[in-house]
Amino acid sequence: MKTVATITGRALLILMVWWAFTEGDPSGIGFGLGVAILVTAVSMRLFPEGSVRIRPVQLWLFVLFFLGRSVVAGIDVARRVVSPSLPVDPGYITVQLSLPEGGPRWLLANALSLMPGTLSVSLDGPRLELHCLDTHSSVEEDVRAAEQKVARVFGLPLQGETGFSEGVS
Amino acid sequence: MAFVELVQGILLVIGCLFFAVGTLGLFRFSDTLLRIHALTKVDNLGLGFIILALVLNAASLAIGAKVLLIWVVALAASATSAHLIARAARLQQGDDSGPKGSHD
């Protein structure tokens, strides 16, 4: 039953992408259906449904959070680039992720690359190495805040929820 | 309608300015990783403004969805390629990590 729901959900998502591709042209719908079925079959093979499920409401909250942070990121880097003294203090930091392997870690690493001051360099098991624009800023806190948000998207409990104040948003 | 066009114009100009600043960063920063910071984050924002301007008068819902989809795919591609280049740059640094004495 769960599998049927997953397959239907994926097929519907791909059909929506097809609808956007063809700009809603109804003449391509037959071909689109065929493509959607094939792509769904391939996706079930490549990404079999795991134990983690995406929470739609939390996903939208994450999208909003991400949009806000990426705007801050763009403005932050732009400000540094145009200021004459080029104020950067680059360096590497390594953080231990508490997120499980696969989708959650990947989402966090990619999202962090577009968030203020951080760039994912390498992901080796639970160790994520980040390149920071400014090692004096509160990178660690930002990473933890983003990690929290990602954990909520997948409905995961995250150990070590204490210790970091949620002052950044 | 004129109001929408005015807003669109402003958004497009802002978007292009961000692209210009991103490119400026490519020249001003000396380090590969810093350059990636500038390119991914600033260009992402520039593209976001341009997409926003285009969505404002999309002829249909489907075209609006297509334009948004372009942004999502571009974001994923930029984050992934940034990560790959960063990893390659880091490995290279590790190779010749002798007493080069580059800043920090």
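View 1. A:Leu46 lies in helix 2 of chain A, which covers residues 29-46. The model shown here and in the views below is predicted. With a relative accessibility of 59%, A:Leu46 counts as exposed, because the cut-off for that class is over 50%. Together with A:Val42 and A:Phe47, A:Leu46 makes a nonpolar surface patch of about 340 Å².

**View 2. Helix 5 of chain A and its cover.** Helix 5 of chain A runs over residues 139-153. The end C-alpha atoms of this helix are 21 Å apart, in agreement with the 21 Å that its 15 residues should span at 1.5 Å a residue. Of those 15 residues, 11 are buried, so helix 5 is largely enclosed by the rest of the structure. The buried residues include A:Val139, A:Val143, A:Ala146, A:Val150 and A:Val153. A:Asp142, A:Arg144, A:Glu147 and A:Gln148 are also among them. Several elements of chain A cover these buried residues, including helix 3 (56-82) and helix 4 (103-113). Strand 1 (91-96), strand 2 (118-124) and strand 3 (127-132) are also part of the cover.

**View 3. A:Gly155, after helix 5 of chain A.** A:Gly155 is in the segment that comes after helix 5, and its phi is positive, near 60°. The relative accessible area of A:Gly155 is 34%, which means that this residue is partly exposed. Which residues does A:Gly155 contact, leaving aside its neighbours within four places in sequence? They are A:Arg53 and A:Arg55. A:Gly117 is 38 residues from A:Gly155 along the chain, and the C-alpha atoms of the two glycines are separated by 27 Å.

**View 4. Helix 2 of chain B and its start.** Helix 2 of chain B has 25 residues, numbered 32-56. From first C-alpha to last, this helix reaches 36 Å, close to the 36 Å expected at 1.5 Å a residue. At the start of the helix, B:Asp31 places a side-chain oxygen within 3.1 Å of the backbone nitrogen of B:Leu33.

View 5. Chain B contains three helices and zero strands, in the order α-α-α along the sequence. The chain has 104 residues, of which 35% count as buried. Among the contacts in chain B between residues at least 6 apart in sequence, 67% join residues at least 24 apart.

Notes: Residues numbered from 1 in each chain as written. Chains lettered and ligands numbered in written order. Predicted model: local features only at pLDDT ≥ 70, side-chain atom pairs only at ≥ 80, totals over all residues. Heavy atoms only, no water. Patch = residues over 30% accessible without salt bridge, like charges linked within 9 Å, V, L, I, M, F, W, Y side chains within 5 Å. Areas by Shrake-Rupley, 256 points an atom, 1.4 Å probe, with all protein chains shown as cover. Salt bridge = Lys/Arg side-chain N within 4 Å of Asp/Glu carboxyl O. Helix = DSSP H or I, 4+ residues; strand = E, 2+ residues; numbered from the N terminus. Buried < 20%, exposed > 50% of the residue type's maximum accessible area, 1.4 Å probe, protein only. Expected span 1.5 Å × (residues − 1). Polar contact = N/O pair within 3.5 Å; in protein donor to acceptor, adjacent residues only side chain to side chain. Contact = heavy atoms within 4.5 Å.
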